[in-house]
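Please look through the structure below before reading on.

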Amino acid sequence: MTEAFFDSMLQLVTRTSTDLPPDVRAAMTQAMGKETPGTSAAQAMAIIAENIDQAADGEGAICQDTGMPTFEVKVPVGVNQIVLREQIRAAVAEATRRGKLRPNSVDSITGKNSGNNLGPGTPIIHFDQWERDDIEVRLILKGGGCENSNAQYALPLELAHLGRAGRDLEGVRKCILHAVWQAQGKGCAPGAIGVCIGGDRTAGYLHAKEQLFRTLDDVNPDPRLAELEAQVMATVNSLGVGPMGFGGAVSLIGCKIGALNRLPASFFVSVAYDCWAFRRLGVVVDARTGGIREWLYVDPKRPAPAMIAAGQAGFSQTGSEKVLRPPLDEATIRSLRVGDIVLISGRMYTGRDAVHAHLMKNDPPVDLRGGVIYHCGPVVLKDGETWRVMAAGPTTSIREEPYQAHVISTFGVRAVIGKGGMGAKTLAALKETGAVYLNAIGGAAQFYARAIKQVTGVSLLEFGTPEAMWHLEVEDFPAIVTMDAHGNSLHRDVEEASGRQLELLRTV
Ligand code: SF4
């Protein structure tokens, strides 16, 4: 039983990381059809769709941030939970070794990555007993960008653009709209949210995350909550946050609400924000043999259709793209404007939190003049003496806001690639020095991995593979100019415009 259960868990982790469930695919297909052809939002959706197909076809991670693995396990009375926990942990470590999960477990005090996704608190495994004979295991992989977009509100309170949110369902509705608005593109919209009304702070967040185990097309058994879910979905997309926060028709693909009792003194609304890369699957396991009896969320009689139907194109070049070949000069960068699509060919360097913190006190290990920094923590595997990039989408750039202006102006960086945009300090540095911020499509890890032709080196590997500085040779790497060297920022514009839309939703 032990060996077979390990194998079942390895299958579950691998498939969850690489194959988006049919309900999410259906919601994304519908969302894709709503975006206006030719817009940045439509282009983002085309890249996302292509990426979903590439991940499933090649069994590669849908997003390089394979997130926090959270397992919900139901066991018959008498089954040894200690053994199951050991096997789940072993399967997580093996999936990490195979490049299906990125090493994501970091010691919170030393910053050291355990390298195998095991450590205190990782993975998260919750057990419950039930009176059936089988074991049920559900898994969700939720990444850092969307986890950082979670929100918890203590009612009553005043919300930007929405005014007072009181201790009633109307107050809850306002909190939900506010949570979607504040996430903008940072959580890789279009997203889906799980909500908990009530509970204490801890139980509220947990129950909100548990709502994400519901399918997007189900109907809440509580008619009051079903009505609220429908009300949110009927209005939320008028916000215009859109895919990746580019503006557009679809900001949210699902809203699932639960409720817990609360203390009379507290009224929390907890929101668990998940991104479009909404990876969630489950299996029913034979408790005697450990083998999989049934997959959950997946209908074996109706295999999920490809996101890009046969004969249709995914992301396609129009000929109006601007080609960038680093090292880049100031005149080339100043010729770029918000909305331009660029294709980068040549050298770029990855750098995220640890690299940026390092560069505040140290010289870079490579010459960054005219260079391109990519906010990315890739999944890489060693292949003999060389490295192979398995998944490489952008990470949330706003985390580098405290460092970016210094790094750009001190070391002569001309382009920064990431997702979700950056703040006023970086925008000012772009204008002053002649640099540009490029938005790649969050989560499109397989799509971008295919644009990386070679890993030519690595620096600062002591920070762990996601945080090291990888030297990448890329070809026709597409990205959209969202902050230019003239003080323009699409992110600022969309945030302000969607804030005005939010005001229209103050009352229903
Ligand atoms: S799609 Fe975006 S938010 Fe989701 S895990 Fe990937 S990088 Fe993070």
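## Cis prolines

Pro123 sits in the loop between helix 4 (81–97) and strand 2 (124–130). This is a predicted model. In it, the peptide bond from Thr122 to Pro123 is cis, with omega near -10 degrees.

Pro190 is placed in the loop between helix 6 and strand 7 (191–198). As a rule, most peptide bonds are trans.

Most residues other than glycine have a negative phi. Asn117 is not a glycine, yet its phi is positive, about 70 degrees. Asn117 belongs to the loop between helix 4 and strand 2, the loop that also holds Pro123. Is Asn117 buried or exposed? Asn117 is buried, because its relative accessible area is 2%, under the 20% cut-off.

Asp476 is another non-glycine residue with a positive phi, near 50 degrees. Asp476 lies in strand 20 (residues 469–483). At 36% relative accessibility, Asp476 is partly exposed.

## Helix 2 against helix 3

How do helix 2 and helix 3 run relative to each other? Helix 2 covers residues 22–34 and helix 3 covers residues 40–58. Their axes are 10 Å apart, and the packing angle is about 150 degrees. The two helices are therefore roughly antiparallel, since angles over 145 degrees fall in that class. Their crossing is left-handed.

Helix 2 brings Arg25, Met28, Ala31 and Met32 to the contact. Helix 3 meets them with Met45, Ile48, Ala49, Ile52, Asp53 and Ala56. Sorted by class, this contact has eight nonpolar and two charged residues, with no polar ones.

## Helix 6 against helix 8

Helix 6 (residues 169–183) and helix 8 (residues 223–235) cross at roughly 40 degrees, and their axes come within 11 Å. That angle makes helix 6 oblique to helix 8. The crossing of this pair is right-handed.

Which residues make the contact? Helix 6 supplies Leu169, Val172, Arg173, Ile176 and Leu177. Helix 8 supplies Arg224, Leu228, Gln231, Val232 and Thr235. Six of the contact residues are nonpolar, two are polar and two are charged.

## Helix 11 and its cover

Helix 11 spans residues 401–411. Its buried residues are Glu401, Gln404, Ala405, Val407, Ile408 and Phe411. What covers them? The cover includes two helices, helix 10 (353–359) and helix 12 (424–433). Strand 14 (372–374) and strand 17 (415–418) are also part of the cover.

Gly412 follows helix 11. The phi of Gly412 is positive, near 75 degrees.

## Cysteines

How many disulfides does the model contain? The count is zero. Cys376 shows why for its own sulfur: the closest cysteine sulfur, in Cys63, is 9.1 Å away, too far for a bond. The cut-off for a disulfide is 2.5 Å.

Cys376 is buried, at 0% relative accessibility. Cys188 is buried too, at 6%.

## Contacts across the sequence

Gly443 lies in the loop between strand 18 (436–439) and helix 13 (445–449). With a relative accessible area of 3%, Gly443 is buried. Which residues does Gly443 touch, apart from those up to four places away in sequence? They are Asn51, Ile62, Cys63, Cys188, Trp276 and Pro394. Cys188 is 255 residues from Gly443 along the chain, yet their C-alpha atoms are separated by 7.2 Å.

Ala154 gives a second example. Ala154 is in strand 4 (residues 151–154). Ala154 is partly exposed, at 34% relative accessibility. Its contacts, leaving aside neighbours within four places in sequence, are Arg201, Phe267 and Phe268. The C-alpha atoms of Ala154 and Val269 are separated by 6.5 Å, while the two residues are 115 residues apart along the chain.

Note on methods
Residues are numbered from 1 along each chain as its sequence is written. This is a predicted model: local features need pLDDT of at least 70, side-chain atom pairs count only at pLDDT 80 or more; totals for chains, interfaces and linings use all residues. Side-chain values use heavy atoms; hydrogens and water are left out. Axes are lines fitted to C-alpha atoms, for helices over the stretch in contact, and angles run from 0 to 180 degrees between N-to-C directions. Helices (H or I, at least four residues) and strands (E, at least two) are DSSP runs, numbered from the N terminus. Angles under 35 degrees count as roughly parallel, over 145 as roughly antiparallel, 65 to 115 as roughly perpendicular and the rest as oblique. A crossing is left-handed if the near helix is turned anticlockwise from the far one by less than a right angle, and right-handed if clockwise. Contact means heavy atoms within 4.5 Å. Ala, Val, Leu, Ile, Met, Phe, Trp, Tyr, Cys and Pro count as nonpolar, Asp, Glu, Lys and Arg as charged, and the others, Gly among them, as polar. Buried means under 20% relative accessible area, exposed over 50%, partly exposed in between (1.4 Å probe, protein chains only).
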